[in-house]
Amino acid sequence: MCQKESTKKTKSKKVGSNEKKVGKNGGKWREFCIFATKFHKDGLGMRFFGNIEGKLDAKGRVFLPAPFRKQFQTAGEKEFVLRTDISGKCLVLYPLSVWLRRVDALAANVSEWDEEQQMVLREFLTKAESCELDGNGRFIIPKRLLQEAAIGQAVRFMGMNETIEIWDLEKAEKPFVEQAEFSAKLKALMSKPRE
């Protein structure tokens with residue numbers, strides 16, 4: 001969020017979909033930006049879709065595809081969390097804000113006095129790694145995560161609503177659900193009454 005704010009009187013100035021507060025004096029400025037983008041609508045946050053191929057280098061670094069990177073930048077997200085998917089078949093990249101929301105939701109359902117529930121929370125958290133992009137838009141995927149998800153050098157990034165999945169390219173080439181089954185299940189899901 002960005003808007004110019006002075007220590008003295010300010011007035012609002014609207015420019016397209018951007019609104020900025022502009023001061024009329026030489027007071028100290030702090031800059032924040034208030035803006036609405038196509039990635040943020042009705043407070044829903046980032047939504048990722050599409051799929052893009054990538055390649056890991058010898059050190060396990062990979063470029064976050066530009067369309068996804070642009071969404072992170074637009075939303076002001078600088079950190080993300082990488083975790084093995086609960087199925088173990090791919091990796092899931094969570095923007096930090098999404099990760100924290102998911103952890104809060106899980107922790108709210110876990111009793112600190114229930115050992116089994118604590119083990120589930122522990123397993124969920126210990127499979128996660130904090131990541132940041134370097135100056136070139138790359139990040140490192142830890143070896144243990146690559147091994148757990150059986151991912152080689154060629155990968156496919158897939159937008160999955162609030163998260164991005166990283167699949168081994170060979171696994172991602174096969175359909176996840178056969179077309180007839182997909183069609184039937186999608187119709188069933190879409191015809192469910194809303195709660």
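On one side of helix α2, Asp104 and Ala108 are exposed (over 50% relative accessible area, where buried means under 20% and partly exposed lies in between, with a 1.4 Å probe and protein chains only). This is a predicted model, in which local features need pLDDT of at least 70 and side-chain atom pairs count only at pLDDT 80 or more, while totals for chains, interfaces and linings use all residues. Residues are numbered from 1 along each chain as its sequence is written, and side-chain values use heavy atoms, without hydrogens and water.

On the other side from these exposed residues, Val98, Trp99 and Val103 of α2 are buried. Seen down the axis of α2, its buried residues fall within an arc of 130° (taken from the directions from the helix axis to the C-beta atoms), so they line one face of the helix. Their cover includes β8 (79-84), β9 (91-95), α3 (115-126), β10 (128-132) and β13 (163-168), where helices (H or I, at least four residues) and strands (E, at least two) are DSSP runs numbered from the N terminus.

Beyond its neighbours within four places in sequence, Thr84 is in contact (heavy atoms within 4.5 Å) with Cys90, Leu91, Lys127, Leu145 and Glu148.

| Buried residue | Relative accessible area |
|---|---|
| Thr84 | 7% |
| Cys90 | 0% |
| Cys131 | 7% |
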